[in-house]
Amino acid sequence: MFRTRPLFQLLKRTTGIHGLQVHGDPLPELVKTYESTLSALSAIPQTSVYRQGVEALVRNKLNIVKNANGDIVAAEKQLNEGQIEESLDIASDELSLAAKMVEWKAWEPLEDKPEPGQWEYVGKTTTSS
């Protein structure tokens, strides 16, 4: 019997990962989540290193999912994050973090000047400005 992946996704009962439920149609949900993340990132200044990094990563993942043309196996393989439900979980976490970064305004200067030596790491010294 020949089964296609979309049919398999409908018949899939478990991910084998405790607490991670099977999603019946994960690719459209991934696209929606990635687009929501990009929208949330637009509230962060373009000069923010966080925005630049996450935006590049999410755009790459969004292109992978869109270019998979509904093929879940191809998307899983190219995303390299395990099962597609795991990718959806990761995308949801990134969206949540992006919203928190907007709330925290992490790109703004610190309110209090850091103590001398606060940003010194083992074997490396820095000067505070």
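This is a predicted model: local features need pLDDT of at least 70, side-chain atom pairs count only at pLDDT 80 or more; totals for chains, interfaces and linings use all residues.
Me: Just after α5, which residue takes a positive phi?
Reply: Lys-105 does, with a phi of about 50°.

Me: How do you know that the span of α5 is close to the expected one?
Reply: The expected span is 1.5 Å times one less than the number of residues. For the 21 residues of α5 that gives 30 Å, and the helix reaches 30 Å from its first C-alpha to its last. Helix α2, residues 26-41, is handled likewise: it has 16 residues and reaches 22 Å, close to the 22 Å expected.

Me: What makes Lys-66 and Glu-35 a salt bridge?
Reply: The cut-off is a side-chain nitrogen of Lys or Arg within 4 Å of a carboxyl oxygen of Asp or Glu. The closest N and O atoms of Lys-66 and Glu-35 are 3.5 Å apart, so the pair qualifies. Lys-66 lies in helix α3 (residues 49-67) and Glu-35 in helix α2, so the bridge ties together parts that are 31 residues apart in sequence.

Me: Why is Lys-66 called partly exposed?
Reply: Buried means under 20% relative accessible area and exposed means over 50%, with partly exposed in between. Lys-66 has 44% relative accessibility, so it counts as partly exposed. Glu-35, with a relative accessible area of 37%, is also partly exposed.

Me: Is Glu-55 buried or exposed, and how do you know?
Reply: Its relative accessibility is 17%, so Glu-55 counts as buried, the cut-off being under 20%. Glu-55 meets Arg-59 in a salt bridge of 3.6 Å, N to O. Arg-59, at 44%, counts as partly exposed.

Me: What makes Glu-81 and Lys-61 a pair that links distant parts of the chain?
Reply: Their side chains meet in a salt bridge of 2.4 Å, N to O. Glu-81 is in the loop between α4 (72-79) and α5, while Lys-61 is in helix α3, 20 residues apart. Both Glu-81 and Lys-61 are buried.

Me: Why does Leu-110 count as exposed?
Reply: Leu-110 has 57% relative accessibility, so it counts as exposed, the limit being over 50%.

Me: Which residues form the negative surface patch?
Reply: Glu-108, Glu-111, Asp-112 and Glu-115 form it. Patch residues need over 30% relative accessible area; Glu-108, at 43%, is partly exposed.

Definitions and conventions. Residues are numbered from 1 along each chain as its sequence is written. Side-chain values use heavy atoms; hydrogens and water are left out. Patches are made of residues with over 30% relative accessible area and no salt bridge: like charges are joined within 9 Å, nonpolar side chains (Val, Leu, Ile, Met, Phe, Trp, Tyr) within 5 Å. Accessible areas come from the Shrake-Rupley method with a 1.4 Å probe; for residues, only the protein chains shown count as cover. Lys and Arg count as positive and Asp and Glu as negative; His and the chain ends are not counted. The place of a charge is taken as NZ of Lys, CZ of Arg, CG of Asp or CD of Glu. Buried means under 20% relative accessible area, exposed over 50%, partly exposed in between (1.4 Å probe, protein chains only). Helices (H or I, at least four residues) and strands (E, at least two) are DSSP runs, numbered from the N terminus.
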